[in-house]
Amino acid sequence: MDLAHDPAVESFRAEARAWLADHVPAAPLPSLETREGFAAHRAWEAELAADRWSVVSWPERYGGRGADIMRWLVFEEEYYAAGAPGRVSQNGINLLAPTLFDHGTEEQRARILPPMARGEVIWAQAWSEPESGSDLASLRSRAVRTDGGWLLSGQKTWSSRAAFAERAFGLFRNEPGLAKPHLGLTYLMFDLHAPGVTVRPIGRLDGKPAFAELFLDEVFVPDEDVIGAPGEGWRVAMSTAGNERGLTLRSPGRFLAAARRLAAQWDACDRDPAVADRVADALIGARAYQLFTYAGASRFAAGDAIGPESSLNKVFWSEYDIALHEAALDLLGPDAERADGPWAESWVFSLAGPIYAGTNEIQRDIIAERLLGLPKGRR
Amino acid sequence: MRFLLDAEQREFARTLDALLGAADTPAVARAWSRGDHTPGRVLWARLAEAGVFALAVPEEFDGAGLLPLELTLAFEALGRHAVPGPAVETIASSLLLASLAELGDVVPAKAWLPRLACGTGLATLRADAPAALRAPYALDADAADLRLVVAGDQLWRAAEAGAAVASHDPARRLFATAARGELLAAGPHVAAAAERAWAWATLATAAQALGVGRALLERTVGYVRERRQFGVAIGTFQAVKHRLADVLIALEFARPLLHAAALSLDPVEIAMAKVACGEAGWAAARAALQLHGAVGYTEELDLSLWLRKARPLRDAWGTPAACRARVLAG
């Protein structure tokens, strides 16, 4: 057992650090949940991609560097330590791309991945519906067979990034009335500007249009934009939850950087004793999350699948993120109220963590049933 | 990087778990609580045979060399099976004597380390100020063959155990052993050696606390699968599931800190591990007590062996407050 990276990984780190030092904008970009900020973040994606830093873990032919999981973790540590901007392409990179690698065709990968890597096409996710949140498999939006493709109709909601994105991916019901709700679903990609799509941005808690409702009325999608076989959508969508995606949804580098920032602020506030324990816990939690991820990455590198333990991860980081931000706000005193404060935007974002990507209640059910072996019960 | 136990380490942990699982450790712990040390010493000899007490003894003194990672595996198993006795203190005493030997004072090491490594000697230790906050009592001094007291830059071998103080855990017997008897060593090297011994004691206690938490979780999972109310197993209820899920999260995120601390022996990392393992162990105890209901609040149920240990281990050899302060000091 050891925690030392290979020299080759360390030189990869040095290369990333040097590039970031030369390129990270000196001043933070405007919020990516605004039109102006979205455009600025898109330009940043292009800048990353120009030197092949936007998708380091992808194969080179799609714009990546073929980095293994340890290099990816190291890149993320450097990325957030450098104070680099948030990733406007994360839905595509973290959710759609792994699905394409596992279930897409080579034609789809060649067509979709390079523009995603360059930030030219930003992807929104379209999972939830007004009546289907945690119970996602109950979804009712339809995909009806037509000549050369499918016609999508129905309503999607809480669609992150959809207010300004180009395209979206999600599940649609192609065959209603089957024995189980997760049968008869198809995984499709569609254009948010196609005829029949109406995008209605929704203001999140701070009013910024971070997500949107999507109304679809016989939106044509060609067969080439189906991922996997029609009717296999649930399996396609869920299968990538068991691979490294469970490890890569939130990188430890992000929390290590935030904890260091918090500790520095605490130092600058004369080491306020009222917040001391929580600053210590933020440092401990960031290290714990990094090490837990290294352990998972080591198992993954040794050929093990990452299974339901990704639920442990999700609950941990989402609760941790809020606790860290609450400590940071407390250090600000009455200025914590200011919406333009140094932690304001990321605090608002942290509040959504226990809700999205499978609520923490669903995750705790998964932990209890699949890891602890408790019997299934009513949700 | 390969942040995973190797096959040999996993086998060592499995062997200890099997040995302890077959040893009726609850009966051993209850006997120890009554002052009957015989079953405890028999078990101690078997643990020594498995190599546990050689993990902090250099090879020149018949030990296995200093193996902190294996030590955390062993102490997680000791905690999981509620093994009584001054195991942490024996390890810390070994480190103290081994460190003195490294610093040129080999006589106490030669006299004691082979005995401690092979399990025929049990040791305990306590510290007078300024390190007293971390080790004010000598655990199980009545059962120990070697009672060490660090007082400033002096190391004493105490002749008497001294007055007993009751612990919340009856299997932990505390003594305010006085710095009197034989002066084993004196000089600045004593403080340096003690500092190193305290670090190992903190690490081993963290591991033990983690094992205690794991046992509490396992026993409670077993209970809520069996216990029926309203016509169903109470483990089907989300309020029960979610509480146990949180316990598992705390334990699983504490273990990597423990292993990393063992790899580096960095004082900040050891402090991080102690906070996380101690708090996770105690959180497991709270959940176990709550989910067992009234029967969990009884002395008779074996669960009490772990419930009563979790809080003392959280605080022994580095309270959460002291460890958090160490983390912040950087």
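Biologist: Which residues of chain A does UniProt give to the feature "domain: Acyl-CoA oxidase/dehydrogenase middle"?

Modeller: First, a heads-up: this is a predicted model, where local features need pLDDT of at least 70 and side-chain atom pairs count only at pLDDT 80 or more, while totals for chains, interfaces and linings use all residues. Residues are numbered from 1 along each chain as its sequence is written, and chains are lettered from A and ligands numbered from 1 in the order in which they are written. UniProt positions follow the numbering used here, feature names are shortened, and annotations may be inferred rather than shown by experiment. In an unreviewed entry, UniProt puts this feature at residues 124-217 of chain A.

Biologist: How much of residues 124-217 of chain A is strand?

Modeller: Helices (H or I, at least four residues) and strands (E, at least two) are DSSP runs, numbered from the N terminus. The ends of this stretch of chain A have C-alpha atoms 18 Å apart, and 0% of residues 124-217 is helix. The strand share is 50%.

Biologist: And what is the helix share over residues 10-120 of chain A?

Modeller: UniProt, again in an unreviewed entry, labels that part of chain A "domain: Acyl-CoA dehydrogenase/oxidase N-terminal". Strand makes up 0% of it, and its end C-alpha atoms are 31 Å apart. Helix accounts for 62%.

Biologist: How far apart are the C-alpha centres of domain 2 and domain 3 of chain A?

Modeller: The bounds come from an automatic or database domain assignment. In chain A that gives domain 1 (7-88), domain 2 (123-232) and domain 3 (243-371). Between the C-alpha centres of domain 2 and domain 3 of chain A, the distance is 30 Å.

Biologist: What is the radius of gyration of chain A?

Modeller: This radius is taken over C-alpha atoms, and the globule rule is 2.2 Å times the number of residues to the power 0.38. Chain A has 12 helices and eight strands, and its C-alpha atoms fill a box of roughly 70 × 45 × 45 Å along the principal axes. A compact globule of 379 residues would come out near 21 Å, and chain A agrees with that because its own value is 21 Å.

Biologist: Now for chain B: what is its radius of gyration?

Modeller: Chain B has 11 helices and 11 strands. For its 330 residues the globule rule gives 20 Å, and chain B comes close to that, so it is as compact as a globular protein of that length, with a radius of 19 Å.

Biologist: What is the strand order in the open sheet of four strands in chain B?

Modeller: Strands of a sheet pair through backbone hydrogen bonds, either parallel or antiparallel. Here two strands pair if DSSP finds at least two bridges between them. The pairing in this sheet of chain B is mixed, and the order is S3-S5-S6-S9.

Biologist: Which strands of chain B are the edge strands there?

Modeller: An edge strand of this sheet pairs on one side only. The edges in chain B are strand S3 (123-127) and strand S9 (181-186).

Biologist: In S8(B), which residue is the bridge partner of Ala164(B)?

Modeller: Chain B also has an open sheet of three strands, S4-S8-S7, with antiparallel pairing. Within it, S7(B) and strand S8 (residues 173-175) of chain B share three bridges. The partner of Ala164(B) is Phe175(B).

Biologist: Which helix gives the largest share of the side of chain B that touches chain A?

Modeller: Residues are in contact if their C-beta atoms, placed from the backbone, lie within 7 Å, and 35 residues of chain B contact 34 residues of chain A. Helix H7 (188-226), helix H8 (238-264), helix H9 (267-292) and helix H11 (320-329) of chain B each supply at least two residues of that side. With 15 residues, the largest share comes from H8(B).

Terms used
Contact = placed C-beta atoms within 7 Å.
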